[in-house]
Amino acid sequence: MGHIGIIIEKCRQAVGMSRKELSENLCSEKYIYLIEKGKRTPSANLLKLMGEKLGVFLFGFYMYLDCADPLYVREKMRFFNMCRINLDFKALKEASQEAEKMPDFCSKPWCYEIQLNNIYYLAFEEKKCGEATLRLDRLLREAEAYGATYIFLINAHTLMTTCSLVTGDIAVAKKSALRAYEVMQNNNDAMLYEQLLTKITVNLMGVHYFSNEFDDVIKRGQELLDIKQKRDSYGKVHFVYLLMALAFYGKNQRDVAAEYLKKAVHFLMVDSKPSDVSFIAKDDRFEAMLNDLSSYSAVIDYFRREYKV
């Protein structure tokens, strides 16, 4: 197994810093040398202080220690996750093709990420969710048995949830959504936690909605909104508002549904999200709600014209 000293040395060299400069006010230059050669292990506090000097979150590198080129793998993984969150599957495919040329992505567990990216493309660009679920099922069985990274498991189960909702297999969708939520709760990575929390919760809300569990939709949505309000972060919040609107509408609380629908529409008029809206629009109840609630606000009619729903 590799050691954190390899990462420290590569990061230090990348920013043009000498061992003496890194050690200043932290420890001896010799101690930095011993850490980089794997002969000493830095304390958590020393690792934090070195990371601050280098401008790098060193704790985030531990899962990459066995890689031949850990910096490259980490940057690729960050890019993969950004593409997945932003639904940019063409860029994801191009990045995967480039990554496949590197030895690390030809071996486990990183080769699983390439396979997962290909399934993302199959599901979202080629619109073959049925085939995607079959390939995902085989991939998840192998990857879980091997001990794949928690980020892989979260993304794979979240994708399985989405594909299963599209194909109408609510039982599988619910099982995968709960599994993704469980994995996330057991592995809180501060760097990705909020993005993953939003992605997983929205999927879980979707499962509850299609299971007619409207109270659970509202409960999950309110919990997420509370977190986002505290952190002043509103990524994907339009999805939360739309699903809560549908849930309140399903409970025949039209006035409350209209308020959440208006909130969603305001976000969607500022930041265009046609793929997200088209996914929600697959459910006939969405159109029924729009038809019923359009009289509550002119902005809803404007939204319908802009998004053609």
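Biologist: Where is N25 found?

Modeller: In this predicted model, N25 is found in the loop that joins α2 (19-23) to α3 (29-36).

Biologist: What makes the phi of N25 worth a remark?

Modeller: The phi of N25 is positive, at about 65°, although N25 is not a glycine.

Biologist: How do you know whether the peptide bond from K108 to P109 is cis or trans?

Modeller: Omega decides the matter. For the bond from K108 to P109 omega is near 0°, and the bond is cis. P109 itself lies in the loop between α6 and α7.

Biologist: What makes α6 and α7 roughly parallel or roughly antiparallel to each other?

Modeller: Helix α6 (residues 89-99) and α7 pack at an angle of about 150°, and their axes are 9 Å apart. An angle over 145 degrees counts as roughly antiparallel, and α6 and α7 are therefore roughly antiparallel to each other. The crossing in which α6 passes α7 is left-handed.

Biologist: Which residues make the contact of α6 with α7?

Modeller: From α6 the contact takes F89, K90, L92, K93, S96 and A99, and from α7 it takes I114, N117, Y120, Y121 and F124. By class, this contact of α6 with α7 has seven nonpolar, two polar and two charged residues.

Biologist: Why is α8 given a direction relative to α9, and which one is it?

Modeller: Helix α8 (residues 129-146) packs against helix α9 (residues 150-167) at an angle of about 150°, with their axes 9 Å apart. That value makes α8 roughly antiparallel to α9, because the label applies to angles over 145 degrees.

Biologist: Is the crossing of α8 and α9 left-handed or right-handed?

Modeller: The crossing of α8 and α9 is left-handed. In α8, the residues C129, G130, A132, T133, L136, D137, L139, L140, A143 and E144 take part; they meet F152, L153, A156, H157, L159, M160, C163, S164, V166 and T167 in α9. The residues of the contact of α8 with α9 divide into 13 nonpolar, five polar and two charged.

Biologist: How many cavities of 30 Å³ or more does the structure hold?

Modeller: The structure holds one cavity of 30 Å³ or more, and about 40 Å³ of space lies in the largest cavity. The space is called a cavity because a 1.4 Å probe fits there but cannot get out.

Biologist: Which residues line the largest cavity?

Modeller: The lining of the largest cavity consists of Y209, F210, L243, L246, F279, I280 and D283. At least two residues of this lining come from each of α11 (193-210), α13 (237-250) and α15 (274-280). By class, the lining has six nonpolar, no polar and one charged residues.

Biologist: What volume does the largest pocket have?

Modeller: The volume of the largest pocket is about 1,100 Å³. It is called a pocket because its set of points is open.

Biologist: Which residues lie nearest the centre of the largest pocket?

Modeller: Of the 44 residues that line the largest pocket, L87, F124, K236, F239 and D276 lie nearest its centre.

Biologist: Which helix gives the most to the lining of the largest pocket?

Modeller: With eight residues, α11 gives the most. The helices that each supply at least two residues of this lining include α5 (70-86), α7 (110-124), α9 and α14 (254-270). By class, the lining of the largest pocket has 20 nonpolar, 13 polar and eleven charged residues.

Definitions and conventions. Residues are numbered from 1 along each chain as its sequence is written. This is a predicted model: local features need pLDDT of at least 70, side-chain atom pairs count only at pLDDT 80 or more; totals for chains, interfaces and linings use all residues. Side-chain values use heavy atoms; hydrogens and water are left out. Axes are lines fitted to C-alpha atoms, for helices over the stretch in contact, and angles run from 0 to 180 degrees between N-to-C directions. Helices (H or I, at least four residues) and strands (E, at least two) are DSSP runs, numbered from the N terminus. Angles under 35 degrees count as roughly parallel, over 145 as roughly antiparallel, 65 to 115 as roughly perpendicular and the rest as oblique. A crossing is left-handed if the near helix is turned anticlockwise from the far one by less than a right angle, and right-handed if clockwise. Contact means heavy atoms within 4.5 Å. Ala, Val, Leu, Ile, Met, Phe, Trp, Tyr, Cys and Pro count as nonpolar, Asp, Glu, Lys and Arg as charged, and the others, Gly among them, as polar. On a 1 Å grid over the protein atoms alone, a cavity is a set of points where a 1.4 Å probe fits but cannot get out, and a pocket is an open set with protein on both sides within 12 Å along at least five of seven lines; lining residues have an atom within 4 Å of a point. Grid points are joined across faces, edges and corners, and a volume is the space filled by probe spheres set on the points.
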